[in-house]
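Dear colleague,

I am passing on the structure below, together with some notes on what was found in it. Please read the notes with the model open beside you.

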Amino acid sequence: MKIAVVIPYFQRRPGILARALRSVAAQTTDAQLDVIVIDDESPVPAREELAQLPEADRARVRIVQQKNGGPAAARNTGLDHVTDDTELVAFLDSDDTWQPFHLADALRALGAGYDFYFTDFYQLNQAVSAFQRAGRIEPPRHLLLPGERHLHVYQADMQSQILGGNVIGTPTVVYRFRSFRTLRFRTEFVYAGEDYLFWLDLSRMTDRIAFSSAQAVVCGDGVNVFAGSGWGTEKSLIRLHYEMKYKKAIARLYPLTERQVKENREAVLALRRSFVADVLHRVAHRKPFLEVMWKQMRIDVRSVLYFVPLAVGLVLRRERSA
C-alpha cells in the first residue's frame with residue numbers, strides 16, 4: 001500500500017524539517033512512502049534540510065516549491081501532487097515528529113475498513129496529552145477494534161466534538177485519499193480554522209472514523225501563528241480576525257443544532273470583544289491595527305459598529321475590578 005506524507009514547510013531555524021523527516025524514516029511499516037515537502041518560500045530552504053539525511057531517506061522525498069501561501073495552500077499543493085496509485089494520505093507539520101508506531105497503527109485501523117484516523121498527541125511543551133487536557137474524548141467510551149489495545153472506533157458526534165473544542169491534531173491524521181480525492185483545505189481561512197473545516201467536511205462524507213488513544217505525535221517548537229500570540233503581539237489581531245472568520249463560516253456552511261447555533265453566536269461575541277480589547281491595547285501602545293481592521297470590517301462590520309459601546313464596557317469592567 002502506498003501512503004503519501006504531506007508536509008507544509010516554512011521555518012526560520014535549520015534542523016527542524018530534518019528532525020521531522022527522520023521520524024518519518026523511523027516508521028516501522030513496510031508500506032511504500034511518498035514524502036511530499038511543500039517549500040512555502042521557507043527562509044531555510046527545504047533542500048538544505050534534505051541534505052542532512054542519508055541517501056536512502058532522501059530518495060523518497062519530493063520537494064515542491066511554491067510562493068508563500070500559508071499552511072492550507074501548502075497542504076493543498078501537496079494533495080495536488082499525490083499520485084494516482086496512492087491509497088492513503090498522512091499529514092505531518094514540519095516542526096512535529098511521529099512516534100515510530102504511528103503509521104503501522106494507522107494502517108491497521110484503516111485496513112479494518114475505516115476512512116479517517118487520528119491519534120492522541122502531546123502539544124508544544126506539554127507533559128499531559130491533548131485528549132487528557134481537553135477532556136473531549138474519553139477512550140473507554142469507544143469500542144476497541146478487535147484484537148487492539150489502543151485503537152478505537154469513534155462512536156460520538158464528530159461535528160459536536162470539533163465545534164465544541166476540537167482535539168484532532170493535524171499531524172495525527174491519516175485518511176483514505178483514494179475515496180476523497182477532491183477534498184481540499186479552504187485557503188481563505190489561512191491561519192485559523194482551515195483544518196477544523198477539513199475534518200468537518202471529511203466527517204460529513206464518512207462516519208467510518210477510528211482513533212488511537214496512544215500519544216503517537218509530539219508537537220515541536222517551530223514557526224506557529226498561535227505561539228506567542230497574546231495581546232499586543234504582532235500575531236494576536238490577525239489570529240482573532242481569522243478565528244472570527246472561521247466561526248462565522250460555521251453557521252453558513254453547516255447545519256447546526258439549536259445548541260450549536262447558540263454556542264457559535266456566543267463565541268462570535270466573545271471574539272468581537274477580544275478584537276476590540278486588542279485594538280484598544282494597540283492604540284494605547286501606539287501599535288498598528290488599521291490593516292487588520294479593514295479586513296475585519298469585510299467579515300464582521302459589527303466589530304467596528306460596536307467598537308464604542310464595547311470599548312466603554314471593557315473600560316468600565318476594568319475600573320470596577322481595579
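**Around Q296**

Q296 touches H241, M244, F275, V301 and S303, when residues up to four places away in sequence are not counted and contact is taken as heavy atoms within 4.5 Å. Please bear in mind that this is a predicted model, in which local features need pLDDT of at least 70 and side-chain atom pairs count only at pLDDT 80 or more, while totals for chains, interfaces and linings use all residues. Residues are numbered from 1 along each chain as its sequence is written, and side-chain values use heavy atoms, with hydrogens and water left out.

The side chains of Q296 and S303 are joined by a polar contact of 3.0 Å (a pair of N or O atoms within 3.5 Å; within protein, one must be able to donate a hydrogen and the other to accept it, and residues adjacent in sequence count only if both atoms are side-chain atoms). Q296 is buried, because its relative accessible area is 0%, whereas M297, at 30%, is partly exposed (buried means under 20% relative accessible area, exposed over 50%, and partly exposed in between, with a 1.4 Å probe and protein chains only).

**Helix α1**

Helix α1, residues 16–25, is mostly covered, seven of its ten residues being buried. These are I16, L17, A18, A20, L21, S23 and V24, and they pack against β1 (2–9), β2 (32–39), α2 (46–50), β3 (61–65) and β5 (96–98).

**Aromatic pairs**

A search of the whole structure finds 17 aromatic pairs (rings of Phe, Tyr and Trp, the last by its six-membered ring, whose centres lie within 6.5 Å; planes under 30 degrees apart count as stacked, over 60 as edge-to-face and the rest as tilted). The pair of F118 and F211 is stacked, because the ring centres are 5.6 Å apart and the planes are at 20°. This pair links distant parts of the chain, with F118 in strand β6 (residues 116–122) and F211 in strand β9 (residues 209–219), 93 residues apart. Both F118 and F211 are buried. F198 and W199, by contrast, form an edge-to-face pair, with 5.5 Å centre to centre and 85° between the planes, and both of these residues are likewise buried. Ring pairs link F91, F116, F118, F131, Y154, Y175, F177, F185, F198, W199 and F211 into a cluster.

With best wishes

Terms used: Helices (H or I, at least four residues) and strands (E, at least two) are DSSP runs, numbered from the N terminus.
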